[in-house]
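Biologist: I'd like to go through this one term by term. Can you put each label next to its cut-off for me?

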Amino acid sequence: MKVSLHATIVGLTLVAVSVSAQQITHLTAASNACANLKTVALDDVRLTDVVDVRDSVGDIYNIRSPHCRVSGVIGQSIRFTAILPNDWNQRVLMGGNGGFAGSIDGAFGASKGGYLTIGTNTGHDAPGTNARWALNDPDRQRDYGYLGVHRTAVVAKALAKAFYGSEPRFSYFLGCSNGGRQGLMEAQRYPEDFDGIVSGAPAAQFTRIIASFLKNAQALFPDTSYFRHPIVTKENLVLVGAKVLEKCDKLDGIADGIIDDPRDCHFDLRSIRACPRDRAGADCLTGAQRRAIARIYAPVTDDRGRVIYSGQPVGGEDDPSGWSVWITGGEENLKNLNVPSVQAKFMTETGKYFVFKDSTWDYSHYRGLMDYAGSWGNIVNADNPDLSRFAARDGKLIIWHGWADPALNPLETIDYYEKVKARDPKAANYVRLFLESGVEHCGGGPGPSGVQWLGIITRWVESGAAPSQVSAIKNDNTGKVIMSRPVCPYPEHAVYSGKGDTNDAINFVCRVKSRP
């Protein structure tokens, strides 16, 4: 299977679908509103393109309804694009960026439902896996870390005022991965920007995440000669993945290829036989392979043995977009790009251009990345559990994560949520966590990952309908729904009732269950 690196990294912004929570009078833009925007002066903003789109001609986002497309630059280099529909539902929606950003990613499809949508490159133009732009450029680092999204949100509201004559009644943010980090950063630093935020698989503990990537890369690729010949092969992943499912698939009472909660699975890698004479085979592990996989499962620890970042949970080892893409390598198109794995790419780019400011930095001989994080961590980490200002302005936050995520660890997302709750016992009034079983990074995997998050957060913000559970679906290649499951607010799980089709959400209930 060929895996698109661009799609893996950049295509993380969630597709938004409009679902109204309450009746809001739509506003219609004046016939000359788009032309008039060309003369609008916004503080430290330069509009570079204002296009009045009346039909499909000039519609590059397949919106197919009249709108004004505005592009511009905030400050020196924060580019943005906004779609202002002529028929406006008085809501703003911003989409987050994957990876290192560098392109304008926005949930522009929601403009069909009347949302003013906006996205930003966060201050630089580059592929989402490239961080060379950050070298000795603290301004761009800050724009990427937190300022770019905030300043773009401010511009979105100013454009609404200029175009419709009214500020938005509600504003929303949806993002996953780095976009999830952006959402948490907004709730923590700029709580006034958005009324509702959906943060998927958030890269909140950025510095510790990179430390984990370094640990995995050193175990799998001791030096660059292993890039084209990884220690752990796809055959190894098929073997380990099958053994994990054999051990743990039925713990939830269903044999469906999905591990409900990996923490319940007590899998011992020693149960897989050793290769005779340490020669690689399809049904065994060599000593080097076993040690490398054990390192992936193991946490990052400091010199005193304290856990810095959790080890990878079991599950999804052999999924097509799982370990081989993100962790262990072996995908042909990654080799052609001289990238052993996505984790290794992010780690080396971060080390070279953020941390050590040295394009020749060699990860293979390095130890103690956390010791050098310094001010970089203050710029990119979004792990502050103090959401009091966001709660005080009645903001709502949904955090979600796939249990089979090979990129970012769901255990760390749980840890952040638990810290929020420990700080404020009433946190469930404004933040909830949902864990999707069998779901990979920002979607995909054997579990159902299709959730209409925009409608859910809209109803919570505007109608006070806190989500007691949400529905997730899985489609086949034709778009037909082949599985649905409830996704429950943590710590609840979707538990099979014991009767009926296990692919139908109606036969599951949410409850807190005891773990082995």
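Biologist: Are Trp-88 and Tyr-164 buried or exposed?

Modeller: Trp-88 is buried, and Tyr-164 is too; buried means under 20% relative accessible area, exposed over 50%, partly exposed in between, with a 1.4 Å probe and protein chains only. Bear in mind that this is a predicted model, where local features need pLDDT of at least 70, side-chain atom pairs count only at pLDDT 80 or more, and totals for chains, interfaces and linings use all residues. Residues are numbered from 1 along each chain as its sequence is written, and side-chain values use heavy atoms, leaving out hydrogens and water.

Biologist: What makes Trp-88 and Tyr-164 a stacked pair?

Modeller: Their rings sit 4.1 Å centre to centre with 10° between the planes. Rings of Phe, Tyr and Trp (its six-membered ring) pair if their centres lie within 6.5 Å, and planes under 30 degrees apart count as stacked, over 60 as edge-to-face and the rest as tilted. So 4.1 Å and 10° pass as a stacked pair. Trp-88 is in strand E5 (residues 87-88) and Tyr-164 in helix H3 (residues 138-164), so the pair ties together parts 76 residues apart in sequence. Helices (H or I, at least four residues) and strands (E, at least two) are DSSP runs, numbered from the N terminus. The count by the ring rule is 21 aromatic pairs.

Biologist: Why is the pair of Phe-100 and Phe-346 called edge-to-face?

Modeller: The planes of Phe-100 and Phe-346 are at 70° and the centres 5.1 Å apart, so the pair is edge-to-face. Both residues are buried, and both belong to one aromatic cluster, along with Trp-133, Tyr-144, Phe-206, Phe-354 and Trp-376.

Biologist: How do you know that the charged end of Arg-181 sits over the ring of Tyr-144?

Modeller: The rule wants NZ of Lys or CZ of Arg within 6 Å of the ring centre and within 35 degrees of the ring normal. Arg-181 is 5.1 Å from the centre of the Tyr-144 ring and counts as sitting over it. Arg-189 also lies over a ring face, that of Tyr-146, at 3.9 Å from the ring centre.

Biologist: Why is Ser-177 called buried?

Modeller: Its relative accessible area is 8%, so Ser-177 is buried. Ser-177 is in the loop between strand E8 (170-176) and helix H4 (178-189).

Biologist: What makes the link between Ser-177 and His-441 a polar contact?

Modeller: A polar contact is a pair of N or O atoms within 3.5 Å; within protein, one must be able to donate a hydrogen and the other to accept it, and residues adjacent in sequence count only if both atoms are side-chain atoms. The side chains of Ser-177 and His-441 make theirs at 2.9 Å.

Biologist: Which peptide bond is called cis, and what is its omega?

Modeller: The bond joining Tyr-490 and Pro-491 is cis, with omega about 15°. Most peptide bonds are trans. Pro-491 is in the loop between strand E15 (481-487) and strand E16 (493-496).
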